[in-house]
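Work through the exercises below with the model open. Try each task before reading its solution.

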Amino acid sequence: MKLGQIGVRRAESADAGRIADVHDAAWRHAYRGIIPGTELERMIARRGPTWWKRALDRHTAVMVLEIAGEIRGYATLGPNRMRMLPQAGEIYELYLAPDCQGLGFGRMLFAAARAELRRYGLASFSVRVLADNDPALGFYERMGGHRVAETGERLGETTLPVVVYGWEAE
């Protein structure tokens, strides 16, 4: 992989197709064997370029990681959806293309998402992780997250356990 320029920026509507591509590859890599196959395929199909374009047109906060001019990762963020938690913000998603994982790009994207949350006045935040996603659990623990809750995520006929990590304002 030729690296060239590396950076994180706010996503634009024109990025929708590439974000959808990263979403597809990252979700297949992360969740095959965790999310039931039919449900995983349905979820990926739902989040295609049109879905992402609509989200970006509605000003959804999406950060993208670019390497040599190509989008290779993304993060979505905003107010915490779990109102019972004290953390004000949430990183809803943080995904990298599989060939970019384990190279430090996740740390870069995480730091940019955290800075963007601070810019919105959401200095404390949480992240929800499927309990069977060991690589993600390890990543967020290395990023300094502390387990603050456990819950479940209903996907079709299945409820999967979820670990919630929290970070306090710096």
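**Exercises on loops and helices**

H59 sits in the loop between helix 3 and strand 2 (61–67). The model is predicted, and every value below is computed from it.

**Exercise 1. A68**

Task: locate A68, and classify its accessibility.

Solution. 
- Step 1. A68 belongs to the loop between strand 2 and strand 3 (70–79).
- Step 2. A68 is not a glycine, yet its phi is positive, about 50°.
- Step 3. Its relative accessibility is 42%.

**Exercise 2. Helix 1 against helix 3**

Task: describe how helix 1 (residues 16–31) and helix 3 (residues 49–57) cross, and list the residues that make the contact.

Solution. 
- Step 1. Two packed helices are described by the angle between their axes and the distance between the axes.
- Step 2. Here the axes of helix 1 and helix 3 come within 8 Å and cross at roughly 120°.
- Step 3. Perpendicular runs from 65 to 115 degrees and antiparallel starts over 145. Helix 1 and helix 3 are therefore oblique to each other.
- Step 4. Their crossing is right-handed.
- Step 5. Helix 1 contributes A16, G17, I19, A20 and H23, and helix 3 contributes P49, W52, K53 and L56.
- Step 6. These contact residues divide into six nonpolar, two polar and one charged.

**Exercise 3. The surroundings of H23**

Task: decide whether H23 is buried or exposed, and name the residues it touches.

Solution. 
- Step 1. H23 is part of helix 1.
- Step 2. H23 has 0% relative accessibility, so it counts as buried.
- Step 3. Leaving out residues up to four places away in sequence, H23 touches M43, I44, R47, W52, Y74 and E93.

**Exercise 4. Helix 4**

Task: check the span of helix 4 (residues 105–119), and say which of its residues are buried.

Solution. 
- Step 1. Helix 4 has 15 residues, so at 1.5 Å a residue it should span 21 Å.
- Step 2. Its end C-alpha atoms are 21 Å apart, which agrees.
- Step 3. The buried residues in helix 4 are F105, G106, L109, F110, A112, A113, R114, E116 and L117.
- Step 4. Just after helix 4, G121 has a positive phi of about 80°.

Technical notes. Residues numbered from 1 in each chain as written. Predicted model: local features only at pLDDT ≥ 70, side-chain atom pairs only at ≥ 80, totals over all residues. Heavy atoms only, no water. Axes fitted to C-alpha atoms, helices over the stretch in contact; angles between N-to-C directions. Helix = DSSP H or I, 4+ residues; strand = E, 2+ residues; numbered from the N terminus. Parallel < 35°, antiparallel > 145°, perpendicular 65-115°, else oblique. Left-handed = near helix turned anticlockwise from the far one by under 90°. Contact = heavy atoms within 4.5 Å. Nonpolar A, V, L, I, M, F, W, Y, C, P; charged D, E, K, R; others polar. Expected span 1.5 Å × (residues − 1). Buried < 20%, exposed > 50% of the residue type's maximum accessible area, 1.4 Å probe, protein only.
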